[in-house]
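Here is a quick tour for anyone opening this structure for the first time. Have a look at it, then read on.

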Amino acid sequence: VAVGGLKVTPLKMPAKDLCPSLVFSGDGKWLFAVERGGRLHKIEAATYKHVQKADLGARCDWLAISKDGLVATMGDANEVWVIDPAGLKTLRKIAA
């Protein structure tokens with residue numbers, strides 16, 4: 001789809017349920033998005049294809065990236081979780 005001379009690729013995701021923080025990996029190869037309900041999505045940036053999903057099992061309020069991995073703020077748990085971007089496994093849970 002072209003909009004104002006730009007190519008726009010729609011993603012088939014539940015936009016109304018997403019946290020407003022889409023995150024690119026440091027190398028730009030991956031895009032990460034998380035639903036407020038805790039479903040984490042890993043998307044190949046070049047093709048916008050979903051390659052992996054993980055259910056974090058708790059409500060998520062925000063997603064960011066750090067040198068240690070993805071960082072998710074889990075409001076109900078009052079914790080910050082560090083998540084491995086390769087396998088989407090939780091590495092650490094840190095009390096807020």
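## Strands side by side

M74 stands opposite E79 in β9. Before going further, note that this is a predicted model, in which local features need pLDDT of at least 70 and side-chain atom pairs count only at pLDDT 80 or more, while totals for chains, interfaces and linings use all residues. Residues are numbered from 1 along each chain as its sequence is written, and side-chain values use heavy atoms, with hydrogens and water left out.

Back to the strands, which are DSSP runs of E with at least two residues, numbered from the N terminus. Two of them count as paired if DSSP finds at least two bridges between them. Strand β8 (residues 69-74) and strand β9 (residues 79-83) run antiparallel and are joined by 5 bridges. On its way to strand β10 (residues 90-95), β9 again has 5 bridges, and that pair is antiparallel too. Across from I83 you'll find T90 in β10, and V80 faces I94 in that strand.

| Hairpin | Residues between the strands | Residue with positive phi |
|---|---|---|
| β8 and β9 | 4 residues | N78, about 55° |
| β9 and β10 | 6 residues | L88, near 60° |

Zoom out, and 4 strands make an open sheet in the order β7-β8-β9-β10, with antiparallel pairing. Because β7 (62-66) and β10 stand at the edges with a single partner strand each, one side of each has no neighbour in the sheet. On average, neighbouring strands here are turned by 25° against each other, direction ignored; the axes behind that angle are lines fitted to C-alpha atoms, and angles run from 0 to 180 degrees between N-to-C directions.

## Out on the surface

Which residues form a nonpolar patch on the surface? They are V1, V3, L6 and V8, and together they have about 380 Å² of accessible area. That area comes from the Shrake-Rupley method with a 1.4 Å probe.

L6 sits in strand β2 (residues 6-7) and counts as exposed because its relative accessibility is 58%. Exposed means over 50%, buried under 20%, and partly exposed in between.

K49, in strand β6 (residues 49-55), is exposed as well, at 54% relative accessible area. Setting aside neighbours within four places in sequence, K49 is in contact (heavy atoms within 4.5 Å) with K42, I43 and E44. K12 is 37 residues from K49 in sequence, and their C-alpha atoms are 9.4 Å apart.

Conventions
Patches are made of residues with over 30% relative accessible area and no salt bridge: like charges are joined within 9 Å, nonpolar side chains (Val, Leu, Ile, Met, Phe, Trp, Tyr) within 5 Å. A salt bridge is a side-chain nitrogen of Lys or Arg within 4 Å of a carboxyl oxygen of Asp or Glu. Buried means under 20% relative accessible area, exposed over 50%, partly exposed in between (1.4 Å probe, protein chains only).
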